[in-house]
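Q: I am new to this structure and would like a close look at a single part, with its surroundings described step by step.
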Amino acid sequence: MINIMLVCNAGMSTSMLMNKMIEAAKQQGVDAEIWAIPDAKLNEEWKKADVILLGPQVSYLKSRVETVTAGSVPVEAIPMVEYGRMNGPGVLTLALKLKKID
């Protein structure tokens, strides 16, 4: 089981990507909990996550998130191309690699 948290400004556009990632996880047989939050909820939600992915629009938060999590959770910005294409399988693969799950 992998818990993947997606972070963006309001949680709206990332919700579309989240749904595509959930679909990809089901197709690949990956046991995953994937949810999207607005950046304002980061402090209360991060402890539930195994991997934190930031939408490109909040990629500037990476160092802050790494400080808040004290490096205990991998944090990465979703590449703009993958986000723009709403590439659920590609972003899921990124999360799995960050958690070192093949």
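In which strand does Ile37 lie, and what can be said about helix α1 and the elements packed against its buried residues?

A: In this predicted model, Ile37 lies in strand β2, and because its relative accessibility is 3%, under the 20% cut-off, Ile37 counts as buried. The C-alpha atom of Ile37 is separated by 21 Å from that of Val81, a residue 44 places away along the chain.

Strand β2, which covers residues 32-38, is one of the elements against which the buried residues of α1 pack, and the others are β1, β3 (51-54), α4 (80-84) and α5 (88-98). Helix α1 itself runs over residues 13-28, 16 residues in total, and its first and last C-alpha atoms are 23 Å apart, close to the 22 Å expected at 1.5 Å a residue. Within α1, the residues Thr14, Leu17, Met18, Met21, Ala24 and Ala25 are buried, and they lie on the same side of the helix because they cover an arc of only 125° around its axis. On the face turned away from this buried side, α1 carries the exposed residues Lys26 and Gln27. After the helix comes Gly29, with a positive phi near 70°.

Strand β1, another of the elements that the buried residues of α1 pack against, spans residues 2-8 and includes Asn3. Asn3 has a relative accessibility of 18% and therefore counts as buried; apart from neighbours within four places in sequence, Asn3 is in contact with Glu33, Trp35, Lys48, Ala49, Asp50 and Val51.

Key: Residues are numbered from 1 along each chain as its sequence is written. This is a predicted model: local features need pLDDT of at least 70, side-chain atom pairs count only at pLDDT 80 or more; totals for chains, interfaces and linings use all residues. Side-chain values use heavy atoms; hydrogens and water are left out. Helices (H or I, at least four residues) and strands (E, at least two) are DSSP runs, numbered from the N terminus. Buried means under 20% relative accessible area, exposed over 50%, partly exposed in between (1.4 Å probe, protein chains only). Contact means heavy atoms within 4.5 Å. The expected span of a helix is 1.5 Å times one less than its number of residues. The arc is that of the directions from the helix axis to the C-beta atoms.
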